[in-house]
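Reader: I am new to this structure, and I would like a close look at one part of it. Could you take me through the place where the ligand sits?

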Amino acid sequence: MAGQYGAYQNEIYLQGLGEQVPPFTTDPTRLEAAAREKLDDGPYGYVAGGAGSGATVRANREAFDRWRIVPRMLTDATQRDLATTVLGTELPSPVLLAPVGVQSIVHPDGELATARAAAAMGVPMVLSTASSNTIEDVAEANGDGTRWYQLYWPNDNEVTISILARAKAAGFSTLVLTLDTWTLAWRPTDLDQAYLPFIRGIGTAIPFADPAFRAKLAKSPEEDPTAAILQWIPTFTGTDHHWDQLPFLREHWDGPIVLKGIQHVDDARRAADAGMDGIVVSNHGGRQVDGAVAALDVLPEIAAAVGDRVDVLFDSGVRTGADVLKAVALGAKAVLLGRPYVYGLALGGEDGVRHAVRGILADLDLTLGLSGNRTLADLSSDTLRRT
Ligand SMILES: Cc1cc2nc3c(=O)[nH]c(=O)nc-3n(C[C@H](O)[C@H](O)[C@H](O)COP(=O)(O)O)c2cc1C
């Protein structure tokens, strides 16, 4: 729809006539600072922090800065369409909400607020296995929205099968298997505060409500939370899986499967060879391997190698509409927003998520048009210059 997203700009200026300014900043570079003022040290550090020295968090941003858009003029870009097709389904824009766990540490409504905001905006959400709300409650909050389920692969096949069945029954269409966080990286911000939500029983709602997980406990998580947490740790962390095990997931998931955390072209090829439907080129927002390559830096080579065999999605460092445009121009079919919507959630719950995401979509729409493009298909590496 022409100008559909950019119209958020008009809405804001018109409200200004009634002396109203937006409740939260529209400046993506100030969103984090605004959330910082609102959050306690533990939750803020958990969201903003990265692995080790933070080198990869910084690298993700620097990689975007190295690419510049070269605008074209007189291209009749008045009418624009941001639609894209991902895994055979048309999406109104190339944006999804990344799986982010433990959202209740930044706002009491947590994933429920995110699910409502996503449905209202027509933006698909990806629900984390580390959610602070159950699969079923998030599905209900998301209503007829498009939802994908992100799996942290349990070290227990019965639990895996049970969780997948619940996600399917609750209307999650696509499985996103996250590969890069089978154990937690060295994260000094969290370590210095000895702050880890999971061992406080936050982010464990999905397994704690799971019949297969509960069946293995002597007492229910309600009766003995400590025992349940002690069972959670080895079930969900510490065990790496192997490519050979992917058929097991295929057998128990009736729908597309996307591998998240791909950073090497050979792994991308291997995902395609394994019959996967998509990949997310991602370094988990710099939270796992300190010193890892910026995700954007490996996107072009991966898209060139496998873009015709699997759908290539991208995340890590996307903050602005221009960033979305750059990632699409470099080969991504769509991007996942991470921290920006979580800061929005911290600032204003459902409204805050909507504000943060609508801002990025409006910025994308306007930047697309002002750089002389009408659709995402107009974008290519020719749209950009590396500086
Ligand atoms: C606080 C936080 C929690 C996250 N939790 C998960 C998770 O549970 N599962 C997952 O696959 N990725 C998780 N991620 C990674 C995001 O899905 C995404 O890859 C990352 O946020 C992208 O980086 P960016 O936010 O800097 O753009 C998390 C990221 C953050 C910031």
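Author: What follows is a description of the ligand, its surroundings and its pocket. This is a predicted model, in which local features need pLDDT of at least 70 and side-chain atom pairs count only at pLDDT 80 or more, while totals for chains, interfaces and linings use all residues. Residues are numbered from 1 along each chain as its sequence is written, and side-chain values use heavy atoms, with hydrogens and water left out.

Among the polar contacts (pairs of N or O atoms within 3.5 Å), a polar side-chain atom of Arg339 is 2.6 Å from an oxygen atom of the ligand, and one of Lys260 lies 3.0 Å from an oxygen atom of the ligand. On the side chain of Tyr152, an N or O atom is 2.8 Å from a nitrogen atom of the ligand. Of the 600 Å² of accessible area that the ligand has on its own, the protein covers 98% (by the Shrake-Rupley method with a 1.4 Å probe).

The ligand sits in the largest pocket, with more than half of its atoms within 2 Å of the pocket's grid points. A pocket is an open set of points on a 1 Å grid over the protein atoms alone, where a 1.4 Å probe fits, with protein on both sides within 12 Å along at least five of seven lines; lining residues have an atom within 4 Å of a point. This pocket has a volume of about 680 Å³, and of its 43 lining residues, Tyr46, Gly101, Tyr152, His284 and Arg287 are the closest to its centre.

How values were computed:
Polar contact = N/O pair within 3.5 Å; in protein donor to acceptor, adjacent residues only side chain to side chain. Points joined across faces, edges and corners; volume = space filled by probe spheres on them.
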